[in-house]
Amino acid sequence: MVLANLGKRINNAINSAISNTQDDYATSVDIMLKGIATALLESDVNIALVSSLRNNIRNKLLDTSTKNNNRSMTNAQTKKLVHKTVFDELCNLVDAKETHVFQPKKKKTNVIMFVGLQGSGKTTTCTKLAVYYSKRGFKVGLVCADTFRAGAFDQLKQNAIKARIPFFGSYTETDPVKVAAEGISKFKKEKFEIIIVDTSGRHRQEEDLFQEMIDISHVVKPNQTIMVLDASIGQAAEQQSKAFKESSDFGAIILTKMDGHAKGGGAISAVAATKTPIIFIGTGEHIHDFEKFSPQSFISKLLGIGDFQGLMEQFQTVSNKEDTQALMENISQGKFTLLDFKKQMQTIMKMGPLSNIAQMIPGMNNIMNQINEEDAAKSMKRMVYILDSMNQKELESDGRIFIEEPSRMVRVAKGSGTSVVDVETVLMQQQMMARMAQNAKQSQTAAAAASSSGAGIPRIPGMPNISPQMMQQAQQKLKQNPGLMKNMMNMFGGAGGVGGMPDMNEMMKMMQDPQMQQMARQFGMGM
């Protein structure tokens, strides 16, 4: 992900300073700030912003230290202070607090116009935003007012058809102002609540295209103008954003290509320079690779703290409400069928790359660095193929039907192009999830008490209730015994074995390992 390296370097600077705070607090703070500032500058963040951030953090840390001089802070209090101060100031860097963000209203016409540079991903992002609002009950239409780029209408048309979003455009009309006006008029007559207008990509030095953008804006009279900004364009982002701000006065920014490996600091500079809020970020090429932006969530993922709120929203976006309700009813009864397992696997795969999901769970990002994501994704697909080859009776069972009638495993293996060992492995993984469901039923009273008192953290239906503390403990165990990670991934089909799966003898040995059993119990698997 863009900025992933920045987050690692900031974390290293913080941790290094914290470990030395007892020696000389002020010196440790300065060393930390030098590390943070260097990391930000090398990621293309504006030097004035970095300087301001550095001064703010230093003043707050030293002022607090002076105030607490009479009662010296413990090491734990110092760590908490440093973490909170750095976190808050990084949030302020990407948070345009004073700016009101437009919220579309139902039963009214809301026009949203997109602007941005060529190649920033505007057309794809238009579709993503349309899908986002469509899933929330809005009647959404797309208008292609990009008559400059060859194939622009075809691209929008293909995206819209795939996403089942109504669209408007023209192969013959070359005036984008007319196309935009006709599209707006059509969708208004049909009582569409959100009309998204895609415009041509343009550069700040192209005066004619900038005037065209202004003309389109005068005709469509947008309630909101959004600039789509490529997170990887570097230091040019700030100047380009200023030029667009002066011409189109956009009220929000969507960052795209956040799944790449570029520096990305220029995007942060652009937000600060235009005092305009980021409202969404694009994290991949698929329609659902789209997240609502929150400064706290963004910085949390940057620093590896996790983002459960974002994880929940993403899960709710891709999951089927009826399936989730049926799953929760089964879990309340201590059941977890193969069909439940299949639907959960499909939902997780819809949420995008495993690395994106890992960033939202405290500690998981470091663990994912030890895993070949491509192999893990292939294994998950293979598991779905196996589940697809089961008939309805088998899917609605708890898996024991395969033990009673082993010939069913042979049939499923042939139908999915896998082996009997692969099928056995999937059945064993489903059994582990079933034990989690049984444990969930047994702990319902405790969970209800925690929920009523406001304790705990959000959780995904059907998944274990994993706290940040549990993740940290698991990380510590994995550091002490690196071989555990290989064993865990073998158990979940991430490496080794026949066709990428472990053999049954190996798995049985793993399940007898006391450390594996301890970790499984910690994650609610009840081995």
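This is a short exchange on how some labels for this predicted model are reached.

Reader: What are the ground rules?
Author: The model is predicted: local features need pLDDT of at least 70, side-chain atom pairs count only at pLDDT 80 or more, and totals for chains, interfaces and linings use all residues. Residues are numbered from 1 along each chain as its sequence is written, and side-chain values use heavy atoms, with hydrogens and water left out.

Reader: How many helices and strands are in the protein chain?
Author: There are 26 helices and eight strands. Helices (H or I, at least four residues) and strands (E, at least two) are DSSP runs, numbered from the N terminus.

Reader: Why is α5 called roughly parallel to α6?
Author: The axes of α5 (residues 122-134) and α6 (residues 152-163) cross at roughly 25° and come within 9 Å. Axes are lines fitted to C-alpha atoms, for helices over the stretch in contact, and angles run from 0 to 180 degrees between N-to-C directions. Under 35 degrees counts as roughly parallel, over 145 as roughly antiparallel, 65 to 115 as roughly perpendicular, the rest as oblique. Therefore α5 is roughly parallel to α6.

Reader: What makes the contact of α5 with α6?
Author: From α5 come Thr 123, Thr 124, Thr 127 and Val 131; from α6 come Gln 155, Leu 156, Asn 159, Ala 160 and Ala 163. Contact means heavy atoms within 4.5 Å.

Reader: Why does Leu 142 count as buried?
Author: Its relative accessibility is 0%. Buried means under 20% relative accessible area, exposed over 50%, partly exposed in between (1.4 Å probe, protein chains only). So Leu 142 counts as buried. Leu 142 lies in strand β2 (residues 140-145). Residues up to four places away in sequence aside, Leu 142 touches several others, among them Cys 126, Thr 127, Leu 156, Ala 160 and Ile 196. Ile 196 is 54 residues from Leu 142 in sequence, yet their C-alpha atoms are 5.0 Å apart.

Reader: What of Cys 91 and Cys 144: buried or exposed?
Author: Cys 91 has 4% relative accessibility, so Cys 91 counts as buried. Cys 144 has 3%, so Cys 144 counts as buried too. Across the protein chain, 50% of the 527 residues count as buried.

Reader: How do you know that Cys 144 is in no disulfide?
Author: The nearest cysteine sulfur, that of Cys 126, is 8.8 Å away. A disulfide is a pair of cysteine sulfur atoms within 2.5 Å. Cys 144 is therefore in no disulfide. The structure holds zero disulfides.
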